[in-house]
Each structure stands twice: as C-alpha cells, then as structure tokens.
Amino acid sequence: MRWDILIALFNNAILLLALSVVYEATYLFAVKYRRLQKVFSGLLISIICITIMSVPFTLQSGLIFDTRTILISVTALIFGPIPTIITVAVASIFRISVGGVGVFTGLATILSSALIGLTWRRLLYPKSKKLYGLNIYAMGISVSFIMLVFILLLPFPESLNVIGEIIIPVMLIYPIVTVVLSLLLLHQKKISAYQVKLKQSEERFHDLFDKAPLGYQSLDIDGNFIDVNQQWLDTFGYSREEVIGKWFGDFVSPEYKESIRERFIMFKKQGYIHSEFKMQNKNGNSIFISFEGKIGVDSNGEFKQTHSVLKDITKQKLAEESLRLSEEMYRKITENISDIVWTTDINLKTTYVSSSVENIMGEKPEAYLKNKLEEKFSEETLKKIRAILFDEIEMEKNPEIGKDRTRILELEQYKPDGSLIWVSMSISILRDELGKMEGFLGVSRDITQRKKAEINLLESERSKSVLLSNLPGMAYRCKYDSKWTMQFVSHGCFNLTGHKPESLLNNRDLSFNDLIVPEYRNFLLGKWGHTLAKKEPFKYEYEIITATGVRKWVLEMGQGIYDSQGEVVSLEGIVLDISDRKKFENNLRYLNEHDKRTGLYNRDYFEILLKNDANKKDGSKRALIGINLSTIQILSTNYGFRYTQELIKKASAALSKFTTEECLLFQTNENHFLFYFKNYKDKNELINFSKNIEKSLEFVFVMDKISGGIGILEIENDNIVNVDFLLRNLLIASEKAINIFEKDFRTCIYDEALEEIVNRELEIRNTLSIIAASDINDEFFLQYQPIMHLKTNSICGFEALARIRTKKLGLVSPLEFIPLAEETKQIIPIGEKVFRKAFSFLNKLKAQGYEEINVSVNVSAIQLFRVDFTNRLFEIINEMDVNPKNIAIEITESVFTSDYENINNIVSKLREEGISVYIDDFGTGYSSLSRVKELGVDCLKIDKSFIDNLLDKDPDKSITSDIISMSHRVGSLTIAEGVEEENQLEYLRDNDCDKIQGYLISKPLDEELALEFLKNNNTNK
C-alpha cells in the first residue's frame, strides 16, 4: 500500500470528524423546526463531503479515491433520508464536474453507500442494538465490498490494478473508521437527547409549578414570601409584587395571626406541617385553607426555605357544616319516630338502628347491632331477603334502570324473647357522595295486628264460601284445563246460562268452554295462564251463548288454588251477568261518540278514528270535506235558537244521505259538518261529491237564503293526527269559499295558495311574539302622521301609527297584524311598547321646544278593558316624565257601543289626568250622539269614507257638515281623516272643521322625518 494513500486517508478521516460538529449544530434548532433542521444538517454534511472529495488521493488521471462512502453511509444511518438525499445530490454533481474515467464508478459508489446506510437504519440496525458495534461494522464491510465491486466498471486491466492497490485500506481501515465515527455520533446523540429532555423537563416543571391547580408558596426563615405560583395569586386576588417579601401572617384572618407565629416556629422545628385555617383575599372575603408544608434545606442540612401547598376548602367546609346540620336533623327525626330506621352495608351487616327499636323489638340499639341476621329471621325469610337485595345489587349494574328504587316487604321477624312479629320493610339504596351504592336504608314498621286481622279475614272468607250458591251469577270450582271441567257449579248457573248445574259437572252434557263465544276461548285461556303465573286474582269480561242462543256479556272473577309445592290444583270463582251494564256502557259510548241533537258522529270519535287510521300506515288515500254553516247564526237573532237548530237537523238529514262505509259524516261543531273520505279515486271525485252537497244544501236553505262554504282537504301524510291543525286548515278553505262567493254554497280546495296564507299568518304571529318579548326590535317601529289646525294652518299634533317590516314579509299592514295581535293578546305588551315609543317622541319634541304639540295613540278594546290599563298608563307617563296634556287616546267608535258604563268610567279617569280622548272612525259605529255627549270626549275623528264622499259631483249632499255641526254642539272638536284633495280641504274649512290629517298634508313619517317636517312647516315653537 502506497504511503500517499495512507496520508490522504488520514486527512479524510480527520474531515469525517466534522460530522460531530454538524450533529451538535442541528440541536440548535427547536423541535418545531425539525424539517428545517434536517435540511440544514444535509447542507452542512454536503459541504464536508465536497471538502473530502476535494483532498483525495489520485490513483491515475480521472480516477480519484476518498472516504465519501464512509461519510454517506454513516449520514444515512444516523441522520436519516433527507440529509442523505441532499448529500448524495451534491456529491453526485461534484463528481460529475470532476470527470474522468471513474465517473460512473464514483456515482455508483455514492448511491450504493446511501442505500446501504438507509437499509441498515430501517431494517437491520434496530434489530440488534445490543451488538450495535458489530452491526455497524457489518454495514462498513458491505459498503466497502460494494465499492470494490463497482470498480470493475473501470476499463480492464486498470480495474484489477486499482482493486489491488486499495483493497487493504478499504476492507481493513474503512469498516473500522465507519464503526468509530458511528459510535461517536451515537454517543453524542444520546448526550444531546438527554440535554433536550432535561430542558423539556425543566420547562414542564416550570409550567406545572405555575399552572398547578393548587396554590404554592415558599417562605424564608422569618416567614416572609420568597415565591408563589399563579394559582396562589388567583385564589387570593393579589399580584406577585404585592406578595413577595411580605410576612405570611398579613394574609391570614385576624383571629389566626398569633397562632400562625406559634405554628411557624413548630413548623421549622419539626420540618413539616399540616393545618387548616382562614385566610383573606384582597377584597376581604375569608377563605378556608388546607395547608401542607415541608422545610427545604441546603447541602449542609441548614434551613433554606419552606415549600407549602395550599388548597381552597371553603366549599368543603360549608358542605361539611351543611352535612353536620343535615345529619343532626336526620338523627332527631329518626330518634323521634315510632318506626325503626336502620342501615346496613353491602353485606347486610347492620351499621345503624334508631332508638325506636327498643319500643318495638324490646332491646337497646347497641344489642340489636350485635345480633346476626340468623337471630332475627328464619332461614326461609332470610333467603327471601337476600334474594331480593341481591337482585337490587344486580339491577344497580344496569345504567338504564332508575337509581331511586324502593322495595316494600312484609316479613316475620324474631324478637329477642323468641316471639314472632310481622314487620313491613321499606328498603332503598344507600349511596355515598359519588352516588355509588354502599348499602341499604330501611324503615321497619310493626304490622302484627294488621296481619292477624288479614289472616282472620281470609279464614272468615273461606268459611263463607258456602254462601256463593245464593249469590247472583254462577259460583264454580273447576280444573285448570282447556274444557274448564266443572267440579262444582252453584244454582245460579241456570239463570245465567239456561243450563242446569249438573249438565256442566264433569262435562256431562257439555263443557263450560262450549258456552264461551269462540273468538274469546283462546284469549281467555292465555289470560288465565298469565294470571296464574303471577298468582294474582283473575278478572275478565267476555261473551257466552245461552241455551236459547242469546249472546250474553259476563264478568268472571276468580283465583287459583295451589298445593304446598305451588302447583295449581283448581280454579275457583264466580261468573256474573253484566249484560245490563254493557248495554249502559254501549249507550254511554254512543253518547260520547255522537252528537245528541243530530245523532251524527262527533269530533271526539273523529279524532279516535283518524288516529287509528294513521297508525295503520296502509297508504290509503284520505280526505276531509268540511261544510261551514256559520252564517246560519244570523237567523238566531230574528227567529231564535230553536229555529236554527231545526235547520241544522234538516241539513244533517240531507247530508246523511251521502254517507257510505268509505265516507263517514261527523258534526265537529254546532254549525260545522265533516265528511271523512277514504279510498277515493282522485280529486275530481271529491269535487263532484262537493257539488252534490252544494245542490242538496241549497235546496234545504232555499227559503231562508242561507249561504255557506265547503272546504276540501286531502290528508297527504299518515303521520298527521293533529285534529286542530286539520280542522283549522279546512275551516280556512270553507271560510274562503264564503268570502269569495257570498251567496249560495260553493267549494274551495285547501291548496298552496291557502297554505301561503296560513304560513304568512303564522310568520306574523311569530313576529308579534318576538316583538312582544324583546325590548329592542328593528322590525317594529312607529310612524307619525301630522295633524294640521285649520285656523292657524300649523301642525298641532301627530297620530302615532304602528308599523312592522321584516325581511321575509316586507311591510305588514296594521289591518293584517292588529287583529292577530288582539287575537293572541300580544296587543297588551305591544301596546305598551307603542306608548313608550310615542312618549319618547314627545320628549324629543319637548327637547326641541315644541311643548304644545300632542301625540295621539290608538288603543284596542282589549287594552282598554284591562283592569290595570289606566294605572299602568299613568305609571309609564310618570316614569318617562311626559305631560298628560300632550297625550291623546284614540278609541274606535264601536268600543263605545259595546260597554258604555265601563268605557265612561275609563274616559273619566283619563280626562281627570289631563289626557285627551278621541273617538276614532266616527260615523261607522252608529253610536248615539247623546251618549257621546255624556262621555264628554274631546274630539271626534270623522271616518275617511265621509271625506271621500266629498269628491262626488254634489258635495253639499254629504252629511259631513252635519257631523261637524253636531260634534260642536256636544262640545267636541273634529278631525277629518284621509284628506287628499284641495276641494276636500276647502269644504272642511268652509264648514268649520277644526283639524285635518291626510296625504294632502303629509303621509305618515318616520321619527326623524317628522321632526324635520315640523321644523320646515312650523316657524313658531
């Protein structure tokens, strides 16, 4: 081997040591930059590789030799794929740039070294870590051998010469250098990993200390704070600067300060402390603290600092006190009741018994606790108790079974003197604070006297069994078989069945089973089997066939007779004739299912039938045809209730002619009929059916000129069983038919258009509910229509008008939402919101100097007639500090005619406070002017319909001037509504109308626009 080869090899080996520097440098990167770390290490290794390849030894021109195989294979083993790929790429590029005959050999060597290193890293090295030195040596041999093989790619015979020159250093020195370098890096990796873990451990410890759920503090030898964690600061509300260096006693409750000095001395002396006391947080509240501490010492064993953990146990202390009071109360209760209260553990060992045990059992509680269960109960009773309680334990394992269970047992129990008493035990589960079962809680009551009475009564009943033969019905004793073979039959058999008793005994002429109506036989046998299995009394109703062939309803009541092994010996009972009762029940059922005047099925029966058909889910077509005769009530005023009832009966008789098995007629309301159609062909069949009904009803009511509506509704979903929902939709369809056609009888189908009407109404109702419930809602607002005084031509007031606008509905007319608000009583809270918004507008007017302008608010009859209306209104006025003289209440004329006396009292109260009262829409409600004069209202608002009449060719024929004149004579002002044309204004001015409002002056304006309008039109404030 040439000397220059050894020198080059030595130089290369020194360069290989730079790998350790690379490895150390990679640990400068944080863990979260792991991928960047790998790229960085790959680049550094590439630089080392190029440096090694730059100082090779040359065998001949174009043929260089270095230790890159060691570098690349060790890189693959230690650093992994990414650095290896980067190094291979850079080394390959560099080797190609050098050129020469050994290019392909060099490239093959580079790639093979990387693949072998990665293979060892992935597959072979992890399997033999105990012999990792030998394992790495084997890798070095493999890399060197493959390198020699690739030298054969050189031209012959130069390839053999090269192998001869380098085989010794390659196969001897290269593997050793590979092992040494790898072990150095692995050792360095282990040290670096330990350093990382130590740093992470320190960081975790710091986080644990600062984020620990318990408070931590450290004090110096004088008891002053050295350190606290965040939980300590959060618990007591201080900052770290307010605590560090202060004496610990400054933070405890005053009553504990002196004892803290003593305890701290003991703490330092004995080296640990466990205590509970009260401290105070920054706001002065007391906190109960559990305190655990130890003394920390230095290397010489001298005091260094204290280490203490504090836990807030305030809730625990309060709970303990509550528990103590609860237990004290429980003890008082259990000690003073006559029943025995006791508890046991899970193994039924008695752990507590109340003092009342001495009164019942004759022994003190201490003695009772020592007695074993075998001394208190017989073996058979004890088995029963254990079986039941074991069953409770098993049930406890099932999470679906409720935890609040109680068992009631009646058992015999031994007293200490050996005598037996009967006790009733109410047993429930005893649980710990986590809800886990820990035993049983029971209450025992002495029922000996009651049991004796029951036993005596049972014996008495048995002794009276001979009287059964004289009872109505048939008393019997029979075998438990399919024939009900009779062993005894009382004389009542003949009256019940028409057969003599002896004909049934032992099935001589026929069996009792032959008398039972066939459809009841199997069910009756199964019913007895179920009852006997539970050893319960038997009671069942069924039908029999008498000797004359008459079906008769009977009630059988009986019980099983058992032997000592619990087997059924026979059956005993009585069979009673209940035909009369059944007839009465059937009559009662008929009355419950039919209308008493027309005899038609009623709504209750319809609801049952609809639900049963829906549950079948057979997909059959079903529809409803509703007949609305609500207009018939018009005749009640003139002809009386009986007359209209006779018309209803005639309609019922006419409609009954259309009934079939698939088309039943119901009377769901006094003036509403309903056909329930099933299995029809299509909608045309329903329409044709309705046309026939129209003709029939028009003939019935031809003399009375009564009209009505017919609605059709197809039930498209088997799940719909909401009768209110169906009848409501049907009513909508029938009322639409009435409203559209007005005369005679017409039909309307509930379709998508009607559905939209219903949905819109529902949406409005929901919107009203939201408005009524919320304080702030942009969908609800007020607009203000100016009112002009004709004498001064100035704005003297505004009418507040409620508005609703939503994204879904757009602007909703008051004519649409006010009736719904009144129907749902939402008008009450919404009306109060109107007052508040209007009064807020008044305050803004006042703030801008318009102190004489008033605002009128419309009030519904529902609002007005509430008992607290005036009081609530006055409260809002006082609350919002508005002048009552600037407020006017508008009341519809029809309200005055509905309850004059009540409305008179309300108007008086309002006017006494200075509030003006207007009659709205005057002239449409036919109110008496004398009554208006008695009320003394401030103003009559002439309805728009009278103002519209002024547009006729001859306005002098209008009675508007008469209304103005009469209003003035009773002392009221007038306001004309809906003024839109100049000639209307001139007429009203000529006839001394006081005020006007309408589009001629202004449309209703938003609040800001109303203020702007007032500013532009009223120069004098």
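Reading the terms in a predicted model

Pro-126 lies in the loop between H6 and helix H7 (132-151). The model is predicted.

Q: Why is Pro-126 called partly exposed?
A: The relative accessible area of Pro-126 is 40%.

Q: Why is Leu-124 called partly exposed?
A: Leu-124 lies in helix H6 (residues 103-124). Its relative accessible area is 37%, and buried would need under 20%, exposed over 50%. Leu-124 is therefore partly exposed.

Q: What is Leu-124 in contact with, leaving aside its neighbours within four places in sequence?
A: Leu-124 is in contact with Thr-119 and Asn-135. Contact means heavy atoms within 4.5 Å. From C-alpha to C-alpha, Leu-124 and Asn-135 are 7.8 Å apart in space, and they are 11 residues apart in sequence.

Q: How do you know that the span of helix H16 agrees with its 18 residues?
A: Helix H16 covers residues 379-396 and, at 1.5 Å a residue, should span 26 Å. The C-alpha atoms at its ends are 26 Å apart, which agrees.

Q: Which residues of H16 are buried, and what makes them line one face of the helix?
A: Buried in H16 are Thr-381, Leu-382, Ile-385, Ile-388, Leu-389, Glu-392 and Glu-396. Seen down the axis of H16, these buried residues fall within an arc of 135°, so they line one face of the helix.

Q: What covers the buried residues of H16, and which exposed residues sit on the face turned away?
A: The cover includes helix H15 (373-376), strand E10 (406-414), strand E11 (420-431) and strand E12 (437-446). The face turned away from the buried side carries the exposed residues Glu-379, Glu-380, Lys-383 and Phe-390.

Q: Why is the pair Lys-582 and Glu-541 called a salt bridge?
A: The N to O distance between their side chains is 3.1 Å. A salt bridge requires a side-chain nitrogen of Lys or Arg within 4 Å of a carboxyl oxygen of Asp or Glu, so the pair qualifies. The pair links distant parts of the chain, with Lys-582 in helix H22 (residues 579-593) and Glu-541 in strand E15 (residues 538-545), 41 residues apart.

Q: Are Lys-582 and Glu-541 buried or partly exposed?
A: Lys-582 has a relative accessible area of 12% and is therefore buried, the cut-off being under 20%. Glu-541, with 24%, is partly exposed.

Q: What makes Lys-808 and Glu-763 a salt bridge, and what does the pair tie together?
A: Their side chains meet at 3.5 Å, N to O, and the limit is within 4 Å. Lys-808 lies in the loop between strand E25 (794-806) and strand E26 (810-812) and Glu-763 in helix H28 (residues 752-773), so the pair ties together parts that are 45 residues apart in sequence.

Q: Why does Glu-1007 count as buried?
A: Its relative accessibility is 19%, and buried means under 20%. Glu-1007 therefore counts as buried, whereas Lys-844, at 33%, is partly exposed.

Q: How many salt bridges does the structure hold, and which residues are linked in a network of them?
A: The structure holds 41 salt bridges. Glu-832, Arg-836, Arg-872, Glu-875 and Glu-879 are linked in a network.

Q: What lines the largest pocket?
A: The largest pocket has a volume of about 1100 Å³. Of the 37 residues that line it, Glu-799, Leu-801, Pro-814, Asn-858 and Asp-920 are the closest to its centre. H29 gives the most to the lining, with 6 residues.

How values were computed. Residues numbered from 1 in each chain as written. Predicted model: local features only at pLDDT ≥ 70, side-chain atom pairs only at ≥ 80, totals over all residues. Heavy atoms only, no water. Helix = DSSP H or I, 4+ residues; strand = E, 2+ residues; numbered from the N terminus. Expected span 1.5 Å × (residues − 1). Buried < 20%, exposed > 50% of the residue type's maximum accessible area, 1.4 Å probe, protein only. Arc of directions from axis to C-beta. 1 Å grid on protein atoms, 1.4 Å probe; cavity = no way out; pocket = protein on both sides within 12 Å on 5 of 7 lines; lining within 4 Å. Points joined across faces, edges and corners; volume = space filled by probe spheres on them.
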